[in-house]
Amino acid sequence: MARPAPSAYVCSECGWAGAKWMGRCPECQAWGTVIERDAPRAAVAPARVSEARAARPITQLGTSEVVRSPSGIAEFDRVLGGGVVPGAAILLSGEPGVGKSTLLLEVASRAARAGQRVLYVSAEESASQVRLRAERTNALHDELYLASETDLATILGQVDAVRPQLLIVDSVQTVSSALSDGAAGQPAQVREVAGTLIRVAKERDLPVLLVGHVTKDGSIAGPRLLEHLVDVVCSFEGDRQTALRFVRALKNRFGPTDEVGCFEMTGDGIAEVPDPSGLFLSRAATPVSGTCVTIAVEGRRAIPVEVQALIVGSQAPQPRRVVNGVDASRVAMLLAVLERRCGLKLSTADVYVSTVGGIRLTEPGADLAIALAIASAYRDKALPHELAAVGEISLAGEIRPVSSAKQRVQEGRRLGYTTLLDSSAGPLRDALGRAFRNAVAEARPDIPEF
């Protein structure tokens, strides 16, 4: 039997070994990581460390306060931690058409009006297209410089000529460098472009805003190294069918990552929503069955959200379960708990559950409001307007406490919700009975009481 050939090449990322060299590792799919196992390596001699750069005890190191420059948009500054830090590299990602370029053009306009010189580099659109958008959104200013370039060296030349105080590049995946092989958008090109722009930002204390593309699953396109290089990673989220937009900080070296900025797309551009309390509530003057309000927490902000449910009898062997804005598996679990623990016969009915305003509820704190909305639709009894519900429901029918309970209560009281059902209401069956004690509707003898 022939002896297997020795593996002469190995991947430096995952450790894959093979007999021949490959440009892309077949195991971890990384490019340029396959190296020769026994290739001679140059030894690195230790460098002499100057006294100014010598390591010292951390207790002897001084601290300097970070000076932030407001972007002019309070909701964007909230996400960044109070403003833009000089020399910071900020990556803004989002789906196509969600409004990334519109938001950054508004940031550039506000910064120019505040006296800063801004260079906006558009690598995807022509200068005339950006000018038309700026004219429509009233973002024209003499201190806002515009260039349409896709070559990294030319962009650096524009930076030397304009000497801006804020640089915006839209987008990093469409800029290429002559020092790296491959087309724009490939991992090697993205690494080279992002690394060069970040180095310029650090050397000149020039804040840089980069636009990043996303893949089909919503993650940032390109190598994962891009997210490690930048200081702040923001995600611009929103459904293109609705006007609501959210900006979330996924990474922030200069501030918290639990803040959320709320915006609304209008015909004149993008507008801030400093108090989104009324965006996710219906406008019905009288209570309607199948509705319940919960106090959701987005970042550090408590927002009232109305959940609506509709129950329709079905003769189909498999009734429909249609949800919008909530987790389908979570609703299926709540339906099983309501039928087993509370006696609601929901297995023979079509169930529709949706939120108001296009917001998506992902936290378990909305379980109790969803259950109350389903029970209200099932009994055809409307809950009082002043009632709100917050709590997580277990399979045993228990209501568990949720995080930021004090903040939710304060926001509910501020908005006029005098009755707030939470974990103190006892089991789910008792909470339903307490909620429907003052409900207004016609009694139906075919439905069991709670």
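A crossing of two helices is left-handed if the near helix is turned anticlockwise from the far one by less than a right angle, and right-handed if clockwise. Helices (H or I, at least four residues) and strands (E, at least two) are DSSP runs, numbered from the N terminus.

The model is predicted: local features need pLDDT of at least 70, side-chain atom pairs count only at pLDDT 80 or more, and totals for chains, interfaces and linings use all residues. Residues are numbered from 1 along each chain as its sequence is written, and side-chain values use heavy atoms, with hydrogens and water left out.

## The chain as a whole

The protein chain has 10 helices and 20 strands. Its C-alpha trace spans about 85 × 80 × 50 Å along the principal axes. Of its 450 residues, 45% count as buried; buried means under 20% relative accessible area, exposed over 50%, and partly exposed in between (1.4 Å probe, protein chains only). Contact means heavy atoms within 4.5 Å. Among contacts between residues at least 6 apart in sequence, 67% join residues at least 24 apart.

## Helix packing

Two packed helices are described by the angle between their axes and the distance between the axes. Axes are lines fitted to C-alpha atoms, for helices over the stretch in contact, and angles run from 0 to 180 degrees between N-to-C directions. Angles under 35 degrees count as roughly parallel, over 145 as roughly antiparallel, 65 to 115 as roughly perpendicular and the rest as oblique.

| Helix pair | Angle between axes | Distance between axes |
|---|---|---|
| α2 and α3 | about 70° | 11 Å |
| α7 and α10 | about 90° | 10 Å |
| α4 and α5 | about 15° | 11 Å |

Helix α3 comprises residues 127-136, and its residues Val130, Arg133 and Ala134 are buried. These residues cover an arc of only 100° around the axis, which puts them on the same side of α3; the arc is that of the directions from the helix axis to the C-beta atoms. The buried residues of α3 pack against α2 (100-113), β5 (118-122) and β6 (144-147). Just after α3, Asn138 has a positive phi of about 60°.

With an angle of about 70° between them, α2 and α3 are roughly perpendicular to each other. The crossing of α2 past α3 is right-handed. On the α2 side, Ser101, Thr102 and Leu105 meet Val130, Arg133 and Ala134 of α3. By class, this contact has 3 nonpolar, 2 polar and 1 charged residues. Ala, Val, Leu, Ile, Met, Phe, Trp, Tyr, Cys and Pro count as nonpolar, Asp, Glu, Lys and Arg as charged, and the others, Gly among them, as polar.

### α7 and α10

Helix α7 covers residues 328-342 and helix α10 residues 428-435. This pair, too, is roughly perpendicular. Val337, Leu338, Arg341 and Cys342 of α7 meet Leu428, Arg429 and Leu432 of α10. The contact of α7 with α10 has 5 nonpolar, no polar and 2 charged residues.

### α4 and α5

Helix α4 covers residues 152-162 and helix α5 residues 187-204. Their angle of about 15° makes α4 roughly parallel to α5. The crossing of α4 and α5 is right-handed. From α4, the contact involves Leu152, Leu156, Val159 and Asp160; from α5, Glu192, Val193, Thr196, Leu197, Val200 and Arg204 take part. By class, it has 6 nonpolar, 1 polar and 3 charged residues.

Glu75 lies in helix α1 (residues 74-80). Its relative accessibility is 2%, and Glu75 counts as buried. Leaving aside neighbours within four places in sequence, Glu75 is in contact with Val260, Gly261, Cys262, Phe263, Glu272, Val273, Pro274 and Arg301.

Ala302 is in strand β14 (residues 301-313) and is buried, with a relative accessible area of 9%. Not counting residues up to four places away in sequence, Ala302 touches Ile295, Ala296, Val297, Gln407 and Glu411. Ala302 and Pro70 are 232 residues apart in sequence, and their C-alpha atoms are 24 Å apart in space.

Thr257 sits in the loop between β10 (244-252) and β11 (260-266). Thr257 is partly exposed, at 45% relative accessible area. Beyond its neighbours within four places in sequence, Thr257 is in contact with Ala249, Leu250, Lys251 and Asn252. The C-alpha atoms of Thr257 and Gly81 are separated by 8.5 Å, and the two residues are 176 residues apart along the chain.
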